[in-house]
Amino acid sequence: MSTEQAIPWSELWAAAHRASASAYAPYSKLSVGAAGLTDDGRVVTGCNVENASFGLTLCAECGLVGDLHRTGGGRLVAVAVTDGDGNPLTPCGRCRQLLYEAGGASCQVNETLTVGDLLPGAFGPEDLP
């Protein structure tokens with residue numbers, strides 16, 4: 001996707017909301033969906049999957065990054081995250097790091113932010129020898 005192309009936010013919001021319907025959230029009751037636009041124009045999605053051992057819970061963005069790699073890799077250009085009612089949610093700290101690795105600081109989040117805004121001074125692959 002070229003940087004001149006507009007991000008189809010309405011499509012991403014709708015895909016994230018649809019993904020939230022597949023969430024497994026019996027403990028928190030907070031269904032979350034995420035949708036991302038890749039640099040080659042694909043839309044990838046994920047939903048949260050809770051676990052009785054809370055530390056093993058997977059956020060929607062984890063599923064999205066898994067879907068990114070499952071469907072051919074590339075880089076994320078933009079990400080939308082919603083609850084089960086379609087309301088925007090901001091990614092948690094762990095997910096900000098995942099999105100940084102998958103899309104970099106310039107990846108757009110929920111239309112008004114970038115990953116760099118959410119995670120300034122991020123640690124990434126470029127910091128490893």
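Biologist: Helices here are DSSP runs of H or I with at least four residues, and strands are E runs of at least two, both numbered from the N terminus. Which helix is W13 in?

Modeller: W13 is in helix α1. This is a predicted model, in which local features need pLDDT of at least 70 and side-chain atom pairs count only at pLDDT 80 or more, while totals for chains, interfaces and linings use all residues. Residues are numbered from 1 along each chain as its sequence is written, and side-chain values use heavy atoms, with hydrogens and water left out.

Biologist: Is W13 buried or exposed?

Modeller: Buried, with a relative accessible area of 18%. Buried means under 20%, exposed over 50% and partly exposed in between, using a 1.4 Å probe and protein chains only.

Biologist: What does W13 contact beyond its neighbours within four places in sequence?

Modeller: A80, V81, T82, P88, N110 and E111. Contact means heavy atoms within 4.5 Å.

Biologist: How many aromatic pairs in the whole structure?

Modeller: Two. In one, W9 and W13 have ring centres 6.3 Å apart and planes at 35°, so that pair is tilted. Rings of Phe, Tyr and Trp (its six-membered ring) pair if their centres lie within 6.5 Å; planes under 30 degrees apart are stacked, over 60 edge-to-face, and the rest tilted.

Biologist: Where do W9 and W13 sit relative to each other in α1?

Modeller: They are four residues apart in α1 (residues 9–20), about one helical turn. W9 is buried too, at 12% relative accessibility.

Biologist: And which residues make up the other pair?

Modeller: Y27 and F54, with ring centres 6.0 Å apart and planes at 75°, so the pair is edge-to-face. Y27 is in the loop between α1 and β1 (32–38) and F54 in the loop between β2 (43–47) and α2, so the pair ties together parts 27 residues apart in sequence. Y27 is partly exposed at 41%, and F54 is exposed at 60%.

Biologist: Switching topic. At what angle do α2 and α3 pack?

Modeller: About 20°, with the axes of α2 (residues 60–70) and α3 (residues 93–103) 9 Å apart. That makes the two helices roughly parallel. Axes are lines fitted to C-alpha atoms over the stretch in contact, with angles from 0 to 180 degrees between N-to-C directions. Under 35 degrees is roughly parallel, over 145 roughly antiparallel, 65 to 115 roughly perpendicular, and the rest oblique.

Biologist: Which residues make that contact?

Modeller: E61, C62, L64, V65 and L68 from α2, and R94, C95, L98, L99 and A102 from α3. Eight are nonpolar, none polar and two charged. Ala, Val, Leu, Ile, Met, Phe, Trp, Tyr, Cys and Pro count as nonpolar, Asp, Glu, Lys and Arg as charged, and the others, Gly among them, as polar.

Biologist: Which residues of α2 are buried?

Modeller: A60, E61, C62, L64, V65, D67 and L68. Their cover includes β1, β2, β3 (76–83) and α3.

Biologist: What does D67 contact, leaving aside its neighbours within four places in sequence?

Modeller: V44 and T45. D67 has a relative accessible area of 12%.

Biologist: What follows α2?

Modeller: G72, with a positive phi near 125°.
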